[in-house]
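Colleague: I am new to this structure and would like to go through it in questions and answers. Please show it to me first.

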Amino acid sequence: MTTGDNSPVPDFLSRLRVDGRTFVVAGAGVGMGRMTSHALVQAGAKTVVCVDVDADRAAEIAAEIGPAGVAWVGDVTTREGAAKLAADAEAINGRIDGLVDIVGMARWESILDMTDETFDWEIDICLRHAFLLSQAFGRLMSKSGGGTMVFIASVSGFTAAPMHAAYGAAKAGLMAWVQTLAIELGGFGIRANAVAPGTILSPRMEAVFNDEQRALNAGNAPLQKMGATSDIASAALFFSSDMSAYVTGRTLVVDGGVDAKFPYPVTL
Ligand SMILES: NC(=O)c1ccc[n+]([C@@H]2O[C@H](COP(=O)([O-])OP(=O)(O)OC[C@H]3O[C@@H](n4cnc5c(N)ncnc54)[C@H](O)[C@@H]3O)[C@@H](O)[C@H]2O)c1
């Protein structure tokens, strides 16, 4: 207490704790999803439903995080899958406190050659599940006193995404979706936010990047390195915890500073 301020001081670090809460991580099998599952358990989560379309991956991550892990296998881009996941997850502890939706993927095709199939696939894998899951879990959370939703977008939704225009458009749509979600569901105590990763060295990127591409991407970032999947998990934990209690409808860019750079040639 000071002379001019007698408001109580909270225990700030406890705001990162999610003790006793139940979370669903969609796309939990590898990379950002795996790290987010660990982050939530380390912060005290009672249950983390580890969702993956790949049965082995779901089982492995659920086992790896210990007694809090529950494997769930299915495709969250379908209405049936999303509805079954919500019902199964609710049945475990009677309520869901948080959703982290990591599912997303990009194909590289020029606009002039892009097929209808690719365009539809990108909308499904980057945007449709956000609609389906936020609706299903929003209905549950609005009845049970609120919760948090976190979606993984991409910097490709902010600036031109060469050779993956449909991916960029879907991720931009995802960030717009999160804003409206936050506005419509805020009154129920539900917060919705997104994380926009830059280049992250996930297992999938590890497999496709050669040494030259790694050096190029690292050198392009003011922090002079590519991101780690744990960097995205840290942002997901922030949005899933009370540390971000007054933040909703926002996208946090986690890109090593690339987006902060002046995008025009400097001629002085
Ligand atoms: N890696 C990067 O540089 C980067 C950059 C920007 C954005 N992102 C975004 O980050 C997210 C994670 O990307 P990644 O490459 O690390 O993940 P990934 O594709 O390697 O892993 C995601 C997990 O989701 C599972 N999955 C896929 N489709 C599913 C479905 N329909 N239902 C349930 N589970 C499903 C996969 O089996 C996998 O285990 C994506 O949304 C991606 O668009 C990645």
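Colleague: Which residues touch the most other members of the largest nonpolar core?

Modeller: This is a predicted model. In soluble globular proteins, nonpolar side chains tend to be buried together. The largest nonpolar core here has 66 residues, and those touching the most other members are V24, V25, C50, V51, L174 and A236.

Colleague: Take V24 from that group. Leaving aside its neighbours within four places in sequence, which residues is V24 in contact with?

Modeller: V24 is among the core residues that touch the most other members. A contact requires C-beta atoms within 7 Å. With neighbours within four places in sequence left aside, the contacts of V24 are V49, V51, L85, A89, I96 and L99.

Colleague: How many of the 12 residues of α8 are buried?

Modeller: Helix α8 spans residues 229-240. Its buried residues include I232, A236, L237 and F239. Their cover includes β1, α1, β4, β5 (147-152), β6 (190-197) and β7 (251-254). The helix is largely enclosed by the rest of the structure because the number of buried residues in α8 is nine.

Colleague: Turning to the ligand, which residues come nearest to it?

Modeller: The shell around the ligand divides into 14 nonpolar, nine polar and five charged residues. At least two residues each are supplied by α1 (31-42), β2 (47-52) and α6 (203-208). Of the 28 residues around the ligand, those that come nearest are G27, G29, G31, G104 and S202.

Colleague: Is G104 buried or exposed?

Modeller: G104 lies in the loop between β4 (98-101) and α4 (116-144). Neighbours within four places in sequence aside, G104 is in contact with I125, C126 and I152. A residue with 20 or more other C-beta atoms within 10 Å is buried. G104 has 22 C-beta neighbours inside that distance, so it counts as buried.

Colleague: What phi does M163 have, although it is not a glycine?

Modeller: Most residues other than glycine have a negative phi. M163 is in the loop between β5 and α5 (165-185), and with 14 C-beta neighbours inside 10 Å it counts as partly exposed. Although it is not a glycine, M163 has a positive phi of about 70°.

Colleague: And what phi does Q224 have, although it is not a glycine?

Modeller: Q224 is in the loop between α7 (211-220) and α8. It is exposed, with 10 other C-beta atoms within 10 Å. Q224 is not a glycine, yet its phi is positive, at about 60°.

Key
Residues are numbered from 1 along each chain as its sequence is written. This is a predicted model: local features need pLDDT of at least 70, side-chain atom pairs count only at pLDDT 80 or more; totals for chains, interfaces and linings use all residues. A residue is near a molecule or strand if its C-beta atom, placed from the backbone, lies within 6 Å of it. Helices (H or I, at least four residues) and strands (E, at least two) are DSSP runs, numbered from the N terminus. Ala, Val, Leu, Ile, Met, Phe, Trp, Tyr, Cys and Pro count as nonpolar, Asp, Glu, Lys and Arg as charged, and the others, Gly among them, as polar. Two residues are in contact if their C-beta atoms, placed from the backbone, lie within 7 Å. A nonpolar core is a set of buried Ala, Val, Leu, Ile, Met, Phe, Trp, Tyr and Cys residues joined through C-beta atoms within 7 Å. The expected span of a helix is 1.5 Å times one less than its number of residues.
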